Amino acid sequence: MKLVPLGDRVVLKQLVAEETTKSGIVLPGQAQEKPQQAEVVAVGPGGMVDGKEVKMEVAVGDQVIYSKYAGTEVKLEDEEYIIVKQNDILAVVK
């Protein structure tokens, strides 16, 4: 099965959270904050969304930072994904 986003939606795969701090302290599972950095897995076609022309500015493979409470979490074939609107993506990491 494959996720194909519609309109201005983007499918993200969240990057793995760091388990230790820079100073070497190991964090238990509950203390780890979910990273807001993810990799783009699929991009919708853009086009007309709510009466406005939307041009997709991210591409598959881009690493992005997205809003903390954005999107819908989806589990498909034991993989977890997040589907967000393109406006919820704050930056592309180069």
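This is a short tour of one predicted model, stop by stop.

**Before you start**

Residues are numbered from 1 along each chain as its sequence is written. In this predicted model, local features need pLDDT of at least 70, side-chain atom pairs count only at pLDDT 80 or more, totals for chains, interfaces and linings use all residues, and side-chain values use heavy atoms, with hydrogens and water left out.

**Stop 1: the whole chain**

Show the cartoon. You will find zero helices and eight strands. Both are DSSP runs, numbered from the N terminus: helices are H or I with at least four residues, strands are E with at least two. Along the sequence the pattern reads β-β-β-β-β-β-β-β.

**Stop 2: the sheet**

Select β6, β7, β1, β2, β5 and β8, in that order. These six strands form an open sheet with antiparallel pairing. Its edge strands are β6 (72–76) and β8 (89–93), and each pairs on one side only. From one strand to the next, the twist averages 40 degrees. For such angles, axes are lines fitted to C-alpha atoms (for helices over the stretch in contact), and angles run from 0 to 180 degrees between N-to-C directions. Two strands pair if DSSP finds at least two bridges between them. Strands of a sheet pair through backbone hydrogen bonds, either parallel or antiparallel.

**Stop 3: two strand pairs**

Select residues 9–14 and 37–43. These are β1 and β2, antiparallel and joined by five bridges. Find V10 in this pair: V43 in β2 stands opposite.

Now move to β6 and β7 (residues 79–85). Five bridges join these antiparallel strands too. V74 has Y81 in β7 as its bridge partner. The two strands make a hairpin with two residues between them. In the turn, E77 has a positive phi of about 50 degrees.

**Stop 4: the core**

Select V10, L12, V40, V58, V64, V84 and I89. Of the 14 residues in the largest nonpolar core, these touch the most other members. Strands β1, β2, β5 (63–66) and β7 each supply at least two residues of this core. A nonpolar core is a set of buried Ala, Val, Leu, Ile, Met, Phe, Trp, Tyr and Cys residues joined through side-chain atoms within 4.5 Å. In soluble globular proteins, nonpolar side chains tend to be buried together.

Stay on V84. Beyond four places in sequence, its contacts (heavy atoms within 4.5 Å) are D8, R9, V10, L12, A70, G71 and I89.

**Stop 5**

D8 lies in the segment before β1. Is D8 buried or exposed? D8 counts as buried because its relative accessibility is 5%. Buried means under 20% relative accessible area, exposed over 50%, partly exposed in between (1.4 Å probe, protein chains only).

Next, pick Q86, in the loop between β7 and β8. Its relative accessibility is 12%, so Q86 counts as buried. Among the residues that Q86 touches are D8, V10 and V58.

**Stop 6: the largest pocket**

Select Q14, E79, E80, Y81 and I82. Of the 10 residues lining the largest pocket, these are the closest to its centre. The pocket's volume is about 160 Å³. Which strand gives the largest share of the lining? That is β7, with four residues.

A pocket is an open set of points on a 1 Å grid over the protein atoms alone, where a 1.4 Å probe fits, with protein on both sides within 12 Å along at least five of seven lines; lining residues have an atom within 4 Å of a point. Points are joined across faces, edges and corners, and the volume is the space filled by probe spheres set on them.
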